[in-house]
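Visitor: Hi, I'm new to this one. Can you walk me through it?

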Amino acid sequence: MRIIRIPVPTPFYVGPVNVYLIHEEPLTLIDTGPKTKEAMEALREGLRRERVRVSDVRRIVLTHAHEDHCGLAKQLRDEAKDAEVFVHGWETGHRKGRLEYGENRALLERAGVPPPEVEGMRRMYEGVRRFADALEDHEHSELVDDDELKFEKGALRVVHTPGHTPGSCSFLREADRTVIAGDCVLKRITPNPVLSPDPVDPARRFRSLAEYLVSLARLRSLHPTLVYGGHGDPVEDYEELFNRYLRAIGERQSDIIRLIPKTGATAWDVAQELFPGTDDVHRFLAVSETVAHLDLAHTEGKLAVELNQGREVYRRP
Ligand SMILES: [Zn+2]
Ligand SMILES: [Zn+2]
């Protein structure tokens, strides 16, 4: 079973996204790239180099349902005559045009984001949505933790690694402990724990950073020899990356706690201090990251939180 990395361009700040071709029967793609002409051309060219065509693809597996990873899933599925699409059940909100914005709006307002900013974030989100086709319920199957994706030779084990999104999954080839990890593991950047409703109770916030730390530890327990990420080159030294991520997360948490004044602050206040002058596109991600850290600090007893006029205000105890 050969794993071929095919970098595909995206219109997003993150740069190219990796699509992985599992060159073995049934022919399988892990992720697809965004719905753009350029991405489709790059993917076709990558497949051609391996002497396969889109119509040979039998299975499309999504690490998660962000537009840069899932955008072409429907188009590819249709062209490959109903190739089977797999995505984790907790990506539901993302799968169908990602999130019902009402849920997201409630989470942002509770984080103290002013109404005009919430509206700006909604508009930005509408723009991003154009880069993916939604999948209907009958057009995909669910990835289940610990299940196997079987191939003629070999298999990939599904490892549910929530954090970046609730339904993010990684895939382990046990024979040599190679992992394909989507945006859970990126060589050059620490992945953003994206603000999401809890898939079990959408009125609550998904505890993204706490879940992410568990996922990183779970991957570590697999002793991976090589980790293919959603963007950039593969990671050869997971142990180094694990320690670097943990250090970065710890430092960011200390910075955030220090920024909270005696009078208390909302996540929005802290994000403004932490990422001053952030442009429109990145303000949502700035709030996302700040909320994730505040949640974790609160869980660890380092901060207190109270609801004040519908907004969460954090204080140092
Ligand atoms: Zn992502
Ligand atoms: Zn990505």
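Visitor: What do the buried residues of α7 pack against?
Guide: They pack against β9 (169-173), β10, α8 and α10. Contact here means that the C-beta atoms of two residues, placed from the backbone, lie within 7 Å. Helices (H or I, at least four residues) and strands (E, at least two) are DSSP runs, numbered from the N terminus.

Visitor: Where do these coordinates come from, and how is the numbering done?
Guide: This is a predicted model, where local features need pLDDT of at least 70, side-chain atom pairs count only at pLDDT 80 or more, and totals for chains, interfaces and linings use all residues. Residues are numbered from 1 along each chain as its sequence is written, while chains are lettered from A and ligands numbered from 1 in the order in which they are written.

Visitor: OK, back to α7. Which residues are buried there?
Guide: S208, L209, E211, Y212, S215, L216 and L219. A residue is buried if 20 or more other C-beta atoms lie within 10 Å of its own, exposed if 12 or fewer, and partly exposed in between, with C-beta atoms placed from the backbone.

Visitor: Let's switch to α8. What span should it have?
Guide: At 1.5 Å a residue, the 21 residues of α8 (residues 238-258) should span 30 Å, and the end C-alpha atoms are 30 Å apart, which agrees. The expected span is 1.5 Å times one less than the number of residues.

Visitor: Which residues of α8 are buried?
Guide: Y238, L241 and I256. They cover an arc of only 55 degrees around the axis, which puts them on the same side of α8. What covers them includes α7, β11 (226-229), α9 (267-274) and α10 (280-299). The face turned away carries exposed residues, among them E239, R247 and R258.

Visitor: New topic: how many strands are in the open sheet?
Guide: Six, in the order β1-β2-β3-β4-β5-β6, with mixed pairing. Two strands pair if DSSP finds at least two bridges between them. The edge strands are β1 (2-8) and β6 (141-143), each pairing on one side only.

Visitor: How many bridges join β4 to β5?
Guide: Three bridges join β4 (residues 59-61) to β5 (residues 84-88), and these strands run parallel. I60 has V85 in β5 as its bridge partner.

Visitor: Is N104 buried or exposed?
Guide: N104 is buried, because 21 other C-beta atoms are within 10 Å. This residue lies in helix α5 (residues 101-110). The C-alpha atoms of N104 and M121, 17 residues apart along the chain, are separated by 9.9 Å.

Visitor: What about P197, buried or exposed?
Guide: P197 is buried too, with 20 other C-beta atoms within 10 Å. You'll find P197 in the loop between β10 (178-182) and α7 (208-221).

Visitor: Last one: how many helices and strands are in the chain?
Guide: Ten helices and 13 strands. Buried residues make up 44% of the 317 residues.

Key:
Arc of directions from axis to C-beta.
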